[in-house]
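Here is a friendly briefing to read alongside your viewer. Please load the sequence and the coordinates, and keep them open as you go through the points.

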Amino acid sequence: MALSEIMKIRRQVLKSALDWVSHDQNRKDRATLARQIIPDGTPRYRCCIHKERAVIEERLKAVLEPDEGPVVRVLKEGCNGCEMHRYSVTDHCQNCVGHFCFTNCPKKAILFINNKAFIDQTRCVECGLCARNCPYHAIIEYRRPCEDSCPTKAISVREDRIASIAEAHCTSCGKCIVSCPFGAVAESSQLIHLFETVRNPEHKIYAVIAPAFVGQFGRKVSPGQVKSALLKLGFQDVLEAALGADRTIELEAREYDERLAHGEEFMTSSCCPAYVSAVMKEKPDLFHHISTTLSPMAQVAHILKEKDPEAKVAFIGPCVAKKEEGKRPETKVDFVLTFEELMVWLDYAGINPAEESEQTLAGPSSYARGFSKAGGVAAALTAYLGQDSPPTYQTEGIQNSLKALETHIRNGDKGFLECMACEGGCINGPWTMIARPIAERALKEFVQSTAAQQ
């Protein structure tokens, strides 16, 4: 996958921060590091060097002080303000006699110049009445990418045209981060804190890697080589989150039976934190239909800490919402990284997974490894229960999941609904590094190899 300029900047900031904390403990002076990252010279992306450095300082704060603020945040200095206006009149304007755009505008923002309508943007409040009432559809609505990508409409634009995130509706799905063309939306990073903790010999830190990791570090890099690379970074051991998926599906099957005994015949999955958050914030009256079983990430953390209460757990996956989930004390997860953050760390350490030796990964069930693909959770429940399995359903995308939940409840359906925030499942998460078709093939081969060994 080709690196965009935004990805290059993001990785440069992470790598520079790693190098800085390795040699300099004066972390409060972010301005110094920003000057090192953006030296004097001609600005490349902004109006001036000072603006570029201000954006870098905001990024550094999210990396060096991840707990100071929400997981997903707008970099105010980075937000370009998207100077485009929401509504614009096209050449299809016929200067009709009805002038329905003008008569329906509450602010009288429609003007007529040379027999064509124009919008006075100083008066326009972006209500959309002009566009809805134009019989020729000559007025077009342009949506800002961050707003357009947010499934719960948590992003709005203030009067100064700077984006703002409403925490009451944000699910930390990460779609706004990957959609902003200016890289003005970012998430916090625990990479530096984990990097320093791993270097401390007093701590035993275990890496838990999401099933979607297959193929993410190179199509020819085996899962065993990824484990070897992680061990070289300093982790005590490496476990697949799929081991936790086996426990999750067992507990969900048990929970479904218990619900049936109490007259509740419909339950949804709980492993996708963005979906869970969306229901909690947007449809709280339906929240009780979500399974109370902890996610595979949390299940592995519990397994590890049952054996060693002093152990620390770092989850690595493609998901931004997992960073929010990892904050919850019941998960027992200490750090959450994305695949991209891990790749930056490996690069900084001079470790190439393709050159590492093969290591053996503890073998979960093949259907547990399939959790990362849409339909995998429902398939795992069916495989686990066999003929006793309830009817299962599957949906993808936050809005689709919310609609599916409402529809099944309204129809009085029985069974189990799998919901994934990302289309295609975790293998198409915001911080996957390969295209979805490649990820699907790699996962299919991995699952098949597991099945052949069982």
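Predicted model: local features only at pLDDT ≥ 70, side-chain atom pairs only at ≥ 80, totals over all residues.

The structure holds 31 salt bridges, while a search of the whole structure finds zero disulfides. One of the sheets to look at is open and has three strands, in the order E11-E15-E14.

**The three-stranded sheet**

- Strands E11, E15 and E14 make up an open sheet in that order, and their pairing is parallel.
- Strand E11 (266-268) and strand E14 (392-396) are the edge strands; each has a single partner strand, so one side of each has no neighbour in the sheet.
- On average, neighbouring strands of this sheet are turned by 20 degrees against each other, if direction is ignored.
- Strand E15 covers residues 415-420 and runs parallel to E11, with three bridges joining the two.
- Helix H16, residues 376-385, lies across E14 and E15, and runs at about 150 degrees to E15.

**Salt bridges between parts of the chain**

- Lys15 and Asp347 meet through their side chains in a salt bridge, at 2.6 Å from N to O.
- This pair links distant parts of the chain, 332 residues apart: Lys15 sits in helix H1 (residues 5-23) and Asp347 in helix H14 (residues 339-349).
- Lys15 counts as partly exposed because its relative accessibility is 33%.
- Asp347 is also classed as partly exposed, at 47% relative accessibility.
- A salt bridge also joins the side chains of Glu187 and Lys323, with an N to O distance of 3.4 Å.
- Glu187 belongs to strand E8 (residues 185-187) and Lys323 to helix H13 (residues 321-325), so this pair ties together parts that are 136 residues apart in sequence.
- Are Glu187 and Lys323 buried or exposed? Both of them are buried.

- Lys227 forms a salt bridge with Asp237, and their closest N and O atoms are 3.7 Å apart.
- Here the parts tied together are ten residues apart in sequence, because Lys227 lies in helix H9 (residues 223-233) and Asp237 in strand E10 (residues 237-240).
- The two partners fall into separate accessibility classes: Lys227 is buried, with a relative accessible area of 10%, whereas Asp237 counts as partly exposed at 29%.
- Salt bridges also link Glu5, Lys8 and Arg44 in a network.

**Cysteines without a disulfide**

- A disulfide is a covalent bond between the sulfur atoms of two cysteines.
- How many disulfides does a search of the whole structure find? The number is zero.
- Cys48 is partly exposed, with a relative accessible area of 26%.
- Cys422 is in no disulfide either; its nearest cysteine sulfur belongs to Cys319 and is 6.4 Å away.
- Cys422 is buried, its relative accessible area being 15%.

Note on methods
Residues numbered from 1 in each chain as written. Heavy atoms only, no water. Pairing = 2+ DSSP bridges. Helix = DSSP H or I, 4+ residues; strand = E, 2+ residues; numbered from the N terminus. Axes fitted to C-alpha atoms, helices over the stretch in contact; angles between N-to-C directions. Contact = heavy atoms within 4.5 Å. Salt bridge = Lys/Arg side-chain N within 4 Å of Asp/Glu carboxyl O. Buried < 20%, exposed > 50% of the residue type's maximum accessible area, 1.4 Å probe, protein only. Disulfide = S-S within 2.5 Å.
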